[in-house]
Amino acid sequence: MEKLSDHIFVLPGHDSQGPNLKIVLLTGKESSLLIDVSNDPKQLDEMLAFCKNEGLSAVKFVVLTHFHDDHIGNLIYLPSGIEILASKNTARYINRPVTILEKDTILDLGGYAISLILVPSLHAKGCLDVLAENYLFVGDSLYYRQSGSSYYYNPQIAYEMEKKVESIPFGIAVSAHDSPNHTKAEVMDYLTRLAHNGIQNDWE
């Protein structure tokens, strides 16, 4: 388990065995929240057990960054009573109650406020980023949508990505997979090249 602050914990994924992401835990005095649930049941169990064993607030929320299976696969194992927060597009793929976010939202976990931010993305419709302290948890929203060797590219969406991310006050971007963390300056350099020069297949 990686501790980024007193409120932020990251359970690494294992992409070497197929797409498998990090699960992020954000915790306040009254409740805790998971960003995505992964597709490995052991991983979800480990994160829930960590929260309980460390005496942290109970997990009351799950935020889904988007609808791909490696991000939502474990929802069938998620205990009842946990509120799922997602965009309208992601909610279409979920077979249990979902609180749909129609706009950017501030959520107070008990003396610890985070921001849930709807972002445009080439990767999937209806992506959600999460801002906590200086960290922006971007899921896969900075990636392309790829089919084989082909990439989906829409210059208007790339431009919208650039402008939206520029408006978010973060210092470090954390992707869902095994990519390195990036500074905001690095993210903006990438998005500017993407929006104005076409596909730059160098993001990891």
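Biologist: Is Asp-189 buried, exposed or partly exposed?
Modeller: In this predicted model, Asp-189 has 44% relative accessibility, so it counts as partly exposed. The cut-offs here are under 20% for buried and over 50% for exposed.

Biologist: Okay, and which side chain does Asp-189 meet in a salt bridge?
Modeller: That would be Arg-193, with a distance of 3.2 Å from N to O.

Biologist: How far apart are Arg-193 and Asp-189 in helix H5?
Modeller: They're four residues apart, so about one helical turn separates them. Arg-193 is partly exposed too, because its relative accessibility is 23%.

Biologist: How many salt bridges does the structure hold?
Modeller: Four. Another one of them joins the side chains of Lys-163 and Glu-166, at 3.8 Å from N to O.

Biologist: Where do Lys-163 and Glu-166 lie?
Modeller: Both sit in helix H4, three residues apart, which is about one turn of the helix. Lys-163 has a relative accessible area of 38%, so it's partly exposed. Glu-166 is partly exposed as well, with 43%.

Biologist: What about Lys-164, which residue does its side chain meet?
Modeller: Asp-104, in a salt bridge of 2.8 Å from N to O. This pair links distant parts of the chain, 60 residues apart. Asp-104 is in the loop between strand S7 (99-101) and strand S8 (105-108), while Lys-164 is in helix H4.

Biologist: Are those two buried, exposed or partly exposed?
Modeller: Asp-104 counts as partly exposed, at 38% relative accessibility. Lys-164 also counts as partly exposed, at 23%.

Biologist: New topic: at what angle do the axes of H4 and H5 cross?
Modeller: Roughly 155°, and the axes come within 8 Å. H4 covers residues 155-166 and H5 covers residues 184-197.

Biologist: Roughly parallel or roughly antiparallel, then?
Modeller: Roughly antiparallel, because angles over 145 degrees count that way.

Biologist: And is the crossing left-handed or right-handed?
Modeller: H4 passes H5 in a left-handed crossing.

Biologist: Which residues make the contact?
Modeller: On H4, they are Ala-158, Tyr-159, Met-161, Glu-162, Val-165 and Glu-166. On H5, you've got Lys-184, Val-187, Met-188, Leu-191, Thr-192, Leu-194, Ala-195 and His-196.

Biologist: How many of the contact residues are nonpolar, polar and charged?
Modeller: Nine are nonpolar, two are polar and three are charged. Glu-166 of H4 is part of that contact, and its side chain also meets Lys-163 in a salt bridge.

Terms used: Residues numbered from 1 in each chain as written. Predicted model: local features only at pLDDT ≥ 70, side-chain atom pairs only at ≥ 80, totals over all residues. Heavy atoms only, no water. Axes fitted to C-alpha atoms, helices over the stretch in contact; angles between N-to-C directions. Helix = DSSP H or I, 4+ residues; strand = E, 2+ residues; numbered from the N terminus. Parallel < 35°, antiparallel > 145°, perpendicular 65-115°, else oblique. Left-handed = near helix turned anticlockwise from the far one by under 90°. Contact = heavy atoms within 4.5 Å. Nonpolar A, V, L, I, M, F, W, Y, C, P; charged D, E, K, R; others polar. Buried < 20%, exposed > 50% of the residue type's maximum accessible area, 1.4 Å probe, protein only.
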